[in-house]
Amino acid sequence: MLSADEYWSLVADNIVLLLLLVPLLGVVVVACLSSIAQGAVHQVAVANTLMTFALSAAMMANYEPTRTDSSGDPVLYQMTTDVAWSVRPVESPGMHKTETATRPAGGSDRRVPDIRFAVGVDGISLWFVLLTATLMLPAVASLSGGNRQVVWGQYALLLLLETALIGTFVVLDVIGLCICLSAVPLLLFFLIGHWGGYGRRAAAYRLFLFQQAAALLVMLGLIALVVSHAWMTRVPSGSTAELTFSIRELVGDIPTLAAGGGLARQYWSNASPLAFTVFLIGFAMLVPLFPLHGWLTGALDQTPTAVAVLLIGAGTKIGCYGFARFLVPLFPGLLPSAVGLILLACVGGALYAALVALAQRDVLRTTALACVAHQGLCVAALLSLNLVGACGGLLHAVGQGLCFGVLAFLVGALERRRGSITPHDTVPLLLGRWRLGVCLLFVVLAAAGVPGLSGFAGGTLMFLGILRGHPALGPGLGLMFWGLLAVTVLGWVFLLLIRRCFAASSWEPGESSSGSLDEWSRSADDLTSGEIGALLPALLLIVWIGICPDFFLERMEPSVSRTLTAYGTTLVEEPQEDAERNASLRERVSVPNSTEAAR
Amino acid sequence: MADPAAPLIILIPGVHLLTVLLSLTWALLSTRKPSLWPSIAGCGVAATAAIGLLFQVSTSPDGSAGPVRLFDWASLGGVFPLAVSIELQAGRLSCLLLSVVNLVAVGVTMQAAARADSRSAWRAPVASLQLFATNMLLLVSNFLAILLFWQLAAVAGFLLLRSPPDASGNATDTADSNQSTAINRVVLTWMVADVPLAMGVFLIWLAFGSLDGAAVMGDGDRLAEVLQRNPALITVICFCLLAAAVGRCAQFPLLGWLEDSARLSHWPNALLQTATLMPGAVYLLFFAQPLFVFSLDACLLTSLLGAITALLAAWIAASQNHAPAALSYSTASHLGLIFAALGSGTSLALDAAAFHLAAHSLIKAALFVTSAILLRRAARTETSSRSTPDTRLAYTIFFAGALLLCCGLLGQNAILMSLREPQQRVEATVLPTIVDWLCTISIGVQAMAVFRTLFLLLSVRAAEAAAAEGAKDVPRGDAASPAAPENVAAALLLVGGAVAVPWAFYQFRFGNLDFLLPETETAGLNLGVVLLVVVCTQMFYARPRQLPIGLRGAVEPFGRLGRDLFHLDEIFSLAVAGPVRAIAQVCRFADQYVLGRLVGGFPGRIPQLVALAAKPMQNEAVQFYVLSLLIATTSLLAVLLWFQG
C-alpha cells in the first residue's frame, strides 16, 4: 500500500501523462453517457476540464527551474514519462540518463528504430499546456446555456482536441508529435464542418487544407531530421547508426554534430536548407504569419465559440512553439543569415494585419487579424535570438493567447444572446449587461497592452528583445519602430471595438435582427455565474502575468537559454553530462575526418 | 537600519490603491454605487503623508528618502541582462510634487462629491487608480517602471473620461456617440505620444545597458562615454522623451485633445490637468534633465515648442466661450512657459519651472473648483438671482487666483528672467530671443484669457452653464447642493499655491530664492499691465458692442482662428488619420480580394488536381494502379536496403 507522500510523488512524476489521459478518459465517459444519461454529459465534461486544469496548475507548481540531477546539471525536462515502443533499441553513447535507464541492458548492432512514447515539459512547453487547459474551461462553458441541445459528439471531439493540443506541446518523440499534429486539423475540420456557422463547410475545408499542409511540411522536416541524425552519427566503418526519434536527442545532437566538422558538417550544410525551409513554411502557416493567415480570418467567424476559443487561444500557438522548439535551436548556422528577411516579414505582416483590422467591422474578423498581428510580433521577438526577446515573445504569446481566447468566448456569448453580430450591427451591444461589459473591457485593455495586465509585460520584453537584436545583425531600431506602429494601430482598433460595443447612439429601431432596443435592454441576459467561473482562471492569469512576470520568466529562462546557447547571447554553461556527451559525439564524427584526410 | 521614511513612501501610493479596492468592494457587495468619500479620505491621508515626507527629506543630509524595494518585476540574465524592480525613492522635487498632487486631488474630489450623481461616483475608484499611478510615477526611478505607471495613468484617464452608462440605460442619446468620438481622439493622442516614450526607454536600455534611472542619470562618466560613442543616440532619446511629454502636456502640435477633454467632463478634466497627467509628464522632463544637458538640439526644441504653445494656447483660451476649455488651454499655456524654462536648462530656469509648476497646479485647481461651483449655480438659476454668499465667495476666490496667476508673482517673472540669462551654448542663434518674445507676449494673453473666463462665468446663461457642466435636463429652481466645502477646498488650494509653495521653497532651500522677490518696479509694472489687460478684456468681451465696428472687425478673424483651434483637427485628420484609414482600406481590399484568393485559391485547387490524378484509378485504369504500386514498393525496398547497409 502506498503512503500519501509516495502516492503524491507518483502523481507528481506523471502529471504530464495524466494531462493526456484525463481528457481521453473524459471522451470515453461522455461517449458512454450519451445513451444512458445525456443530461450529465455537460457536467462530466466540465468536471473533466476542471480536473485537467487542476493538473496543469499542479504541473506549474511542481516545475522547478533550478532542479539539478546528481551531477549538478540542470534538469530542464521534468515530469517525464518515457516508454519504449520498439523492441531492442540501440544503446548509444549519446543517450540521456532517463532513457538509458528504461532500456534493456545490452546493445546491439541492429538498426531498430528507437521509437518511444515520451512526454514531459520544460520551461517553454509548460505555459502552452497551462494555456490550453485554462482556455478549455470557457470553451466547454460556451457549449451550455439557453435552449441548446447537448450533443455528446461535440464534447467528445472537443476533449479529443484538448488532448491533441496538449500532446503537441508535451510529446518528446517525433512519431507522437506527428500524430498530434495531424489530429488537430482533422478534429477542427469535423468540429467546424459540423457545428460551425453558415459558411462552415468552406471555412472547415480551407482551415483543414492549410493546417494539414503545414503539418505535412513539419512532418517532412522531422523526417529529414531523423534521417540526417542517422547520417551524421554514422561511422564509415559501418558499425552503428542511430535512427532515433527522440526530439531531445535530435535537437541536442544535430547542432553539436554539425559544429563538429567533417562529413557530418558537410552533410548538414547540404540538408539543413531543405529542413529549414519546410520547418519555416510549416510553422509560419501554423502561427499564422503573413501572407499565410487567410485560413484563420476566414475560419474564425464560422467557427463555433468553443472551437474559436481553443483555436485562437491555443491552436495558433503551435507555430510559436515550433519556432522555439525546432527552428531556433536546430539552425544556428542558417538562421542568422535569413533572420533579417523573416523579421521584416513578421513585423511588416503585423503592421499589415493591424491595418486590415482597422478597416474591418466584423468583431471576430477583427479579433483574428489582431491575433495575426500579435503572433507576427511574437515570432519576431523569438527570432531576435536574444534571451529577453525570446522570453518576451513566448510570454506575449501565452498572454495574448489568454486574451484572445477569452475575447472569442465573450464575442460568442454576445452573439448567442443577440442572435448574430452582423458587420453593420450598430446596436449598443452591451446594453444592460455589465458583467459582459466589464469582462470585455478588461480583456480588450489587456490585449491592447495596458500596464498591470499580460499584454504590457510580454509586449515590453518583446520590443526590448527586437530592439536589441542579435549581435551579428545589430539593433533592430527600424523593426521596433514599425512594431510599435503596429501596436498603436491595434490600440486604435481596440478603441473602435470598445466604442462599437458600448456606444448607444447609432441605434435605429427595426434594424436589428433580434427585436427592438427595449427588448434587448430588458432581456438583460448577462453572463451567468458559471460563465464567470469559467473565465476567472484566465482573467487571473492575465493579471498575474502583468503584475509579476518574473514568476514566469524565472521558470522560462533556463530552457530558453539552452535553446539560444548556440547564438552566444546567453551565459549558460554547457551541463557536464551534455558536455561529455557532445565530446563523445564529436569524437565519433571526427573519425571520418581523419579517414577522409588519409584517403 | 531601516529607513524611517519607508512607511511614508509606501503609504502615499498605497492608500490610493487601497481606496480603489475598498470602493469597488463596497460597490459590488452592497450598494452597487461607490462612494467618493473613501477617495477624498485617501487623498487627504496621502497629502498628509507627502507633506510629512517632504519635511523628512528636507532634513535628511542627502536630500532623498529610500530606496524601498517592493518587488522584482522582471529579471533576465544573458549577454544583455535586464533588471526591472519596483523600487520607490523620493527626492525633494518629487516630494513637493507629491504634496501638490495629493492636495489638488483632495480639492477636486471634494468638488466631484458635490455633484453627487451616479456617474461621478463610479469615477471615484478610477480617479484613485490614476492617483496611484501618478504617485508611483513620481516615486519610481526605473525607466520601465516609469513607462508602466505612465501608461497606467493614461488608461485610468481614459476610464475617467468615459462616463459609465446611466442607470436608466438611456441608449438613444446622441451625446454618447460624440463622447465616444471625443474620447477616442483624446486617447489616440496619448497613444501617439506613448510610442516615443516606449522608444526612448528602450533606447536607454540599448545605450546604457540598464534601465535604472538613478544609475543612468547619476553617473556622469557613463553619460559622457555614451555621448562620445554615439552622440546622436542621446539626442534621439531626448526627442523621444520630449515627444511623450508634449503629448501629455498638450503642447504644440498635440494640443487638440484639450477641447475634447474639457467638454467631456469637468472634474476629471481638472484632475488630469492639475494633478495627474500633466504634472507627471513635466516631472519626466525634470527627471531626464541630465540627458537633456548633453543635447543642445533637444533643449532648443523644448524651448521653442514651449514658447509656441504658450502663445497659441493662450490665444485659443482667450477666444473660448466654454469656461472649462478656456481654463484648460490656459493650463497648456502655462505649461508651455515651463517647457521653455526647462529647455533653457539653467539652474535658475529649473528652479523657476519647479516653482511655477507647483504653484500653478494648486491655483489652477482652485479656479477649476470655483468655476464648477459657479457653473452649477448658473445651470439652476437665472443670472439675476445668483448673488448668494456661496457664489460671491467663489467669484472672490476665482478673482484672487486669476490675479495671482497672471501678475507674474508665481513664477512667470522668474521664467522670463531665466530665459534672458546669457547662455553660452546658444549665443550664436536667435532662438532664445524668439522664445523670450513669444513667452513675454503669451503672459499678457494668458491674463486676458483667465479674466475673460471670469466675465464669462458672470454672464453665462443657464443652458450654456448646464452644457458646460455636463449636466442633462437640470430642473430649474432646484437648489444646488451646498458649496461651502468646495469653497473651503478652493480657498485652501489658493492659499497653498500663493503661500505654502513659496514658503516650502524658502524653508527647504530648493534653490536660488532671489527670483521670488522681483524688484518693486517690476512687480508694479506687472500689476499695471495685468490691470490694463483686465480693462481691455472687459471692453472686448463683456461689452463688445461698445467697441468701434472697425476694431471689432479687425479683431474678429483672430478670435475666429483661436476658436477654430487653428484647424489643428482638420490638419491632423488630413495628414495622419485620413491616410492611415485609406491605407487600411487598401490593405483590407488586398487581403480580401487579392491575397485571399491568391493564397486560398492555389491550395484550394490541390485536391482537385489530386482528384484528377486519381480519376484514372477509379476508371479501372489498372496500369496506373500497378505503376503506383511498383513505385511505392521500390521506394520501400530502397529504404530498407539502405538501412541494412
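Select B:D194 to begin: this residue is buried, with a relative accessible area of 8%, where buried means under 20% relative accessible area, exposed over 50% and partly exposed in between, with a 1.4 Å probe and protein chains only. The model in your viewer is predicted, so local features need pLDDT of at least 70 and side-chain atom pairs count only at pLDDT 80 or more, while totals for chains, interfaces and linings use all residues. Residues are numbered from 1 along each chain as its sequence is written, chains are lettered from A and ligands numbered from 1 in the order in which they are written, and side-chain values use heavy atoms, with hydrogens and water left out.

Because B:D194 lies in helix α6 (residues 174–208) of chain B and B:R248 in helix α9 (residues 231–248) of chain B, the pair ties together parts that are 54 residues apart in sequence. Helices (H or I, at least four residues) and strands (E, at least two) are DSSP runs, numbered from the N terminus. B:R248 also counts as buried, at 1% relative accessibility.

Next, move to chain A, where salt bridges that share partners join A:D82, A:R116 and A:R248 into one network. Select A:D82 and A:R116, which form a salt bridge with their closest N and O atoms 2.8 Å apart, and which are both buried.

To finish, the search of the whole structure finds 15 salt bridges over all chains.

Terms used. Salt bridge = Lys/Arg side-chain N within 4 Å of Asp/Glu carboxyl O.
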